[in-house]
Amino acid sequence: MKGSTLTSHPNSFVSKLQEERLNRLRHRMKVYFDGSRPDHQEALRALWSATYAGKELHGLISDQWKEMGWQGRDPSTDFRGAGFISLENLLFFAKTFSTSFQCLLKKQGGNRSTWEYPFAVAGVNITFMIMQMLDLDALKPRTFIRSVFLQMLSENEWAFDLLYCVAFVVMDKQWLEKNATYMEFNEVLKSTRTQLERELLMDDVLRIEDMPSFTLLC
């Protein structure tokens, strides 16, 4: 693609930088988790280390993973919905906003449900929800949200990962406000998406860091 390409908004263009970053992000979104790849194994170990510092992991297949909110002994089976990027998102969250990450992992805030959402599996679902919301795989933009996000991506290559962190804390806040139980998780996820879309379209939100809910992160 040569030069600049019109997006869905007549006053916005896809710059070369945006195009390069969008292509890299699209590539990340297409990578399936492969338990036989050493770099994927290492990313899983890194997630464990970032989550449980100083606690030894007995194996990549272990009952220990259930503590983090995976459905079984082998977390690789839970990545099918969103791929390797969902692991990258969790790892980014754990390293960048460790206090918020640990608070959500341990369900420390608010009046918690007796049937809580599983933390790690919720994270995979949040990645998938953001991928759908941004519609980045479409050849032509179908939503203004995508055009807005592309501008943010040009400001920060980690815009997707930052948006993921915001989405996770927004989801937990909505969960508490609705006094939700696990059977209502999809409903909470939908209201989380609505909240994110509303904030992304605010006139004074030019970066992920400008979103009002970004202040929930610590």
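**Fold, core and salt bridges of the predicted chain**

Along the principal axes, the C-alpha atoms fill a box of roughly 50 × 40 × 25 Å. Of the 218 residues, 51% count as buried, and the chain exposes about 11100 Å², of which carbon and sulfur atoms supply 52%. Among contacts with a separation of 6 or more, 65% are accounted for by residues 24 or more positions apart.

In soluble globular proteins, nonpolar side chains tend to be buried together. In the present model, the largest nonpolar core has 71 residues, and those with the most contacts inside it are Met68, Phe93, Leu163, Phe168 and Ile208. Each of the helices H1 (16–30), H2 (38–51), H3 (84–96), H4 (98–105), H5 (119–134), H6 (144–155), H7 (159–177) and H8 (185–200) supplies at least two residues of this core, and H7 gives the most, with 13 residues.

Phe93, which is found in helix H3, is buried, with a relative accessible area of 0%. When residues up to four places away in sequence are not counted, Phe93 touches Ser98, Ser100, Phe101, Leu104, Tyr164, Cys165, Phe168, Val169 and Leu217. The C-alpha atom of Phe93 is separated by 18 Å from that of Gln41, the two residues being 52 residues apart along the chain. Ile208, with its neighbours within four places in sequence left aside, is in contact with Met152, Ala159, Leu162, Leu163, Val166, Leu200 and Phe214.

Helix H4 has Ser100, Phe101, Gln102, Leu104 and Leu105 as its buried residues, and these pack against H2, H3, H5 and H7. The helix is followed by Lys107, whose phi is positive, near 55°.

On the surface, Trp115, Tyr182 and Met183 form a nonpolar patch with about 360 Å² of accessible area together. Met183 is found in the loop between H7 and H8; since residues over 50% relative accessible area count as exposed, Met183 is exposed at 66%.

A search of the whole structure finds 16 salt bridges. One of them joins Arg28 to Asp161, with the closest N and O atoms 3.0 Å apart. This pair links distant parts of the chain, Arg28 lying in helix H1 and Asp161 in helix H7, 133 residues apart, and both Arg28 and Asp161 are buried. Within helix H1, Glu20 forms a salt bridge with Lys16, the closest N and O atoms being 3.9 Å apart; these two residues lie four residues apart, about one turn of the helix. An α-helix has 3.6 residues a turn, so residues three or four places apart point the same way. Glu20 counts as partly exposed at 34% relative accessibility, whereas Lys16 counts as exposed at 63%. A further salt bridge is formed by Asp210 with Arg207, whose closest N and O atoms are 3.1 Å apart. Asp210 is partly exposed, with a relative accessible area of 26%, and Arg207 is likewise partly exposed, with a value of 37%.

Technical notes. Residues numbered from 1 in each chain as written. Predicted model: local features only at pLDDT ≥ 70, side-chain atom pairs only at ≥ 80, totals over all residues. Heavy atoms only, no water. Core = buried A, V, L, I, M, F, W, Y, C linked by side-chain atoms within 4.5 Å. Buried < 20%, exposed > 50% of the residue type's maximum accessible area, 1.4 Å probe, protein only. Contact = heavy atoms within 4.5 Å. Patch = residues over 30% accessible without salt bridge, like charges linked within 9 Å, V, L, I, M, F, W, Y side chains within 5 Å. Areas by Shrake-Rupley, 256 points an atom, 1.4 Å probe, with all protein chains shown as cover. Salt bridge = Lys/Arg side-chain N within 4 Å of Asp/Glu carboxyl O.
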